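Me: I would like to go through this structure with you. Could we begin with the charged pairs and then move on to the helices?

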Amino acid sequence: MPSSDDYKRQVMRDLADGDKEMMPDDTASSYQNFDDFAQRSSRDERHNLFSRSFHPDRVPASQMEPELQKAIAQIKPNERKDVAQEFFSHLKKRGLHDRDLEKQLGLSTHHPSHMSADDVSKLAGFVYHNHPDVFHEVLADQPALVKFLSNPVVGAVFGAIAAKWMGGRH
């Protein structure tokens, strides 16, 4: 029998690959894969799931930051720009300005369209560690990033989604 970690890794691989398992369509909340979840779930549904799952108390920044770095390197440049813009927008509402963050985090620029994957990773790590609620807001708006996270700890999130997709079957 596969271990829990093996199951989580397989769920992560399946979701990252867009593999589908046909689900009963008796509820509006059944999804075929992560892309379907990202497209059809409500923003509130994503926010609630991500806020319960992605928090420094649950997944330490030391584990999450390398995962964010890998995930951000895999998303499309326009998605990376959107993620950076969202982070800056939310942080500005808290009095943290893009030019100050550029200096504080050692970013190459404060212009989201010119930021490298490394810049966006630094920004995402800072937000995850210092402003987890902003991190959840941005993930809810930009779920493409989540699809590329591969850490088995993060895989538990997808295990919860998969359990929901499978109607609670294991």
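Me: Which residue does D133 meet in a salt bridge?

Reply: In this predicted model, the side chain of D133 forms a salt bridge with that of R94, at 2.2 Å from N to O. D133 belongs to helix α8 (residues 132–141), whereas R94 is in the loop between α5 and α6, so the pair ties together parts that are 39 residues apart in sequence.

Me: And how accessible are D133 and R94?

Reply: D133 is partly exposed, at 37% relative accessibility. R94 is partly exposed as well, with a relative accessible area of 41%.

Me: How many salt bridges are found in the whole structure?

Reply: The search finds four. Among them is the one between K70 and E67, at 3.2 Å from N to O. Another joins D82 and K81, at 3.3 Å.

Me: Where do K70 and E67 lie?

Reply: Both are in helix α4 (residues 61–74), three residues apart, which is about one turn of the helix. An α-helix has 3.6 residues a turn, so residues three or four places apart point the same way.

Me: Is E67 buried or exposed?

Reply: E67 counts as buried, at 5% relative accessibility, because the cut-off for that class is under 20%.

Me: Changing topic: which residues of α6 are buried?

Reply: They are L101, E102 and L105. Viewed down the axis of α6, these buried residues fall within an arc of 105°, so they line one face of the helix. The elements that cover them include α5 (77–92) and α7.

Me: What does the face of α6 turned away from the buried side carry?

Reply: That face carries the exposed residues R99, K103 and Q104. After α6 comes G106, with a positive phi near 70°.

Me: What does T109 touch?

Reply: Leaving aside residues up to four places away in sequence, T109 touches E102, H114, M115 and D119. T109 sits in the loop between α6 and α7 (117–130), and it is buried, at a relative accessible area of 11%. A polar atom of its side chain lies 3.1 Å from the backbone nitrogen of H111.

Me: Last point: where is confidence lowest and where is it highest?

Reply: Helix α9 (residues 152–165) has the lowest mean pLDDT, 55, and helix α6 (residues 98–105) the highest, 96. The chain averages 75, and 64% of the residues score at least 70. Over residues 18–29, pLDDT stays under 50. Where pLDDT is low, the predicted coordinates should not be read in detail.

Notes: Residues numbered from 1 in each chain as written. Predicted model: local features only at pLDDT ≥ 70, side-chain atom pairs only at ≥ 80, totals over all residues. Heavy atoms only, no water. pLDDT = per-residue confidence, 0-100. Helix = DSSP H or I, 4+ residues; strand = E, 2+ residues; numbered from the N terminus. Contact = heavy atoms within 4.5 Å. Buried < 20%, exposed > 50% of the residue type's maximum accessible area, 1.4 Å probe, protein only. Polar contact = N/O pair within 3.5 Å; in protein donor to acceptor, adjacent residues only side chain to side chain. Arc of directions from axis to C-beta.
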